[in-house]
Amino acid sequence: RQRETTVTITGAGGQIGYALLYRIAAGDMLGPDRPVRLRLLEIPQGIRSAEGAALELQDCAFPLLRDVEISDAPAVAFDGCDIALLVGARPRGPGMERADLLAANAGIFGPQGAAIGEAASDGVRVVVVGNPANTNALIAAASASGIPADRFTALTRLDHNRAVGQLTQTLGVRADEIENVAIWGNHSATQFPDVSHARARGERVVDALAERLGGGDAAQAWLDDTFIPRVAKRGAEIIEVRGSSSVASAANAAIEHVRDEQAGTPWTSAAVVSRGEYGVPEGLVCSFPVRSDGNGYRVIEGLEVDARARARIEASVAELVAERDAVRALGVF
Ligand code: NAI
């Protein structure tokens with residue numbers, strides 16, 4: 001029997017937290033053989049909400065759930081942590097400049113990274129969900145002394161799943177018949193959802209699109225004018241239609257990110273610390289096509305990137321560089 005896995009969730013009293021907790025406790029993230037201990041981190045205003053969620057966890061009587069502890073102290077919440085989902089973040093307020101947003105989040109992810117360095121288990125893995133996710137992950141990694149930076153990732157699986165969802169609609173295939181979609185760059189409107197390596201029922205997606213849409217030019221126009229902007233701006237579309245941001249789909253993506261990292265996958269998308277792959281500056285937390293052998297995500301190398309794709313990747317990477325430089329200017333690292 002495997003030992004218990006300690007999972008820390010920050011912002012656990014928030015919306016995504018509420019969509020995450022029950023699925024993790026039910027075994028959706030780590031499987032039916034791994035009992036979990038939950039550590040919920042909140043700020044004082046969020047503690048009651050987390051406590052309420054914990055009462056409901058009791059009422060679910062999940063066989064895999066061993067323990068729930070709630071705290072507003074990072075040192076307590078990350079003690080012995082094996083897997084951390086950093087969800088709580090400072091949202092952009094009215095009139096808030098990007099520098100203010102980055103500074104406010106540095107004040108959250110810096111101390112949390114430091115607490116992970118001090119208190120988490122040696123093998124800890126961290127995924128940042130709270131926005132701006134890539135740069136928050138960079139800050140947390142830089143603040144966690146003693147933990148290799150490549151243990152820190154940021155979530156772009158929601159963007160990946162959104163891209164798959166759009167293709168299922170347009171090609172009339174099931175989600176599990178689509179392979180090798182990739183999200184490159186920042187989890188923001190500059191991201192590049194890339195289908196150039198993707199296949200649907202084994203056929204190249206670009207060919208399948210050309211057949212459906214009436215030729216290669218029509219397929220390219222659909223990718224540039226419909227698919228890419230729709231995936232990149234899907235968060236805003238959800239807010240407009242639903243009146244509230246993506247919650248269930250974000251929690252689902254976070255669960256799949258951790259599940260596939262732990263269980264292994266031949267191909268998905270995640271933001272990981274660049275080692276210079278595809279010319280992305282070393283140290284940036286950038287989304288790439290990745291695989292996992294069960295021991296962390298690694299960039300899938302050697303893919304052909306044409307000039308059009310290269311330009312899109314470079315534009316998003318430039319945004320990541322600007323965010324990193326703004327954080328550096330604050331003296332965070
Ligand atoms: P929410 O506002 O419902 O919940 C956030 C929670 O975090 C609140 O309960 C708040 O008290 C808590 N919190 C704030 N600062 C904290 C701190 N220092 N330590 C611990 N907890 C703290 O927001 P929601 O909808 O749950 O979204 C959370 C984050 O996820 C947002 O930043 C959002 O932009 C991001 N997000 C990211 C996505 C992605 O694909 N990467 C997709 C959707 C949302």
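This is a short walk through one protein chain, from its overall build down to a few single residues.

Okay, so before anything else: what we're looking at is a predicted model. Keep that in mind as we go.

Let's start with the whole thing. The protein has 11 helices and 14 strands. Its radius of gyration is 20 Å, close to the 20 Å that the globule rule gives for 333 residues, so the chain is as compact as a globular protein of that length. Of the 333 residues, 46% count as buried. And if you take the contacts with a separation of 6 or more, 72% are between residues 24 or more positions apart.

Now, how is the chain divided? There's domain 1, residues 5–154, and domain 2, residues 157–324. Their C-alpha centres lie 24 Å apart. Where the two meet, 27 residues of domain 1 are in contact with 24 residues of domain 2. On the domain 1 side, the elements giving two or more residues to that contact are α1, β4, β5, α5 and β6. By class, that side has 19 nonpolar, four polar and four charged residues.

UniProt, in an unreviewed entry, puts a "binding site" feature on a set of residues including G13 and N105. Let's take those two in turn.

G13 sits in the loop between β1 and α1. Is G13 buried or exposed? Buried: there are 26 other C-beta atoms within 10 Å, and the cut-off for buried is 20 or more. Leaving out residues up to four places away in sequence, G13 touches E42, G46, I47, S49, A50 and A53.

N105, on the other hand, is in helix α4. N105 also counts as buried, with 25 C-beta neighbours inside 10 Å. Beyond its neighbours within four places in sequence, N105 is in contact with A89, R90, P132 and N136.

Let's move to some strands. Strand β13, residues 285–292, is mostly covered, with six of its eight residues buried. On one pairing, seven bridges join β13 to β12, and the two run antiparallel. If you want a pair to look for, T268 stands opposite V290 in β13. β13 also pairs with β14, residues 297–299, through three bridges, again antiparallel. There, R291 has R298 in β14 as its bridge partner. The hairpin of β13 and β14 has four residues between the strands, and G294 in that hairpin takes a positive phi near 95°.

While you're in that area, have a look at G123. G123 is in the loop between α4 and β5. Along the chain, G123 and N295 are 172 residues apart, yet their C-alpha atoms are separated by 9.9 Å. G123 is exposed, with 11 other C-beta atoms within 10 Å.

Last stop, R66, which is found in strand β3, residues 65–71. With 14 other C-beta atoms within 10 Å, R66 is partly exposed. Apart from residues up to four places away in sequence, R66 touches E4, P35, V36 and R37. For a sense of distance, R66 and C81 are 15 residues apart along the chain, and their C-alpha atoms are separated by 14 Å.

That's the tour, so over to you for questions.

Key: Residues are numbered from 1 along each chain as its sequence is written. This is a predicted model: local features need pLDDT of at least 70, side-chain atom pairs count only at pLDDT 80 or more; totals for chains, interfaces and linings use all residues. A residue is buried if 20 or more other C-beta atoms lie within 10 Å of its own, exposed if 12 or fewer, and partly exposed in between; C-beta atoms are placed from the backbone. Two residues are in contact if their C-beta atoms, placed from the backbone, lie within 7 Å. The radius of gyration is taken over C-alpha atoms; the globule rule is 2.2 Å times the number of residues to the power 0.38. Two strands pair if DSSP finds at least two bridges between them. Domain bounds come from an automatic or database domain assignment. Ala, Val, Leu, Ile, Met, Phe, Trp, Tyr, Cys and Pro count as nonpolar, Asp, Glu, Lys and Arg as charged, and the others, Gly among them, as polar. UniProt positions are given in the numbering used here, feature names are shortened, and annotations may be inferred rather than shown by experiment.
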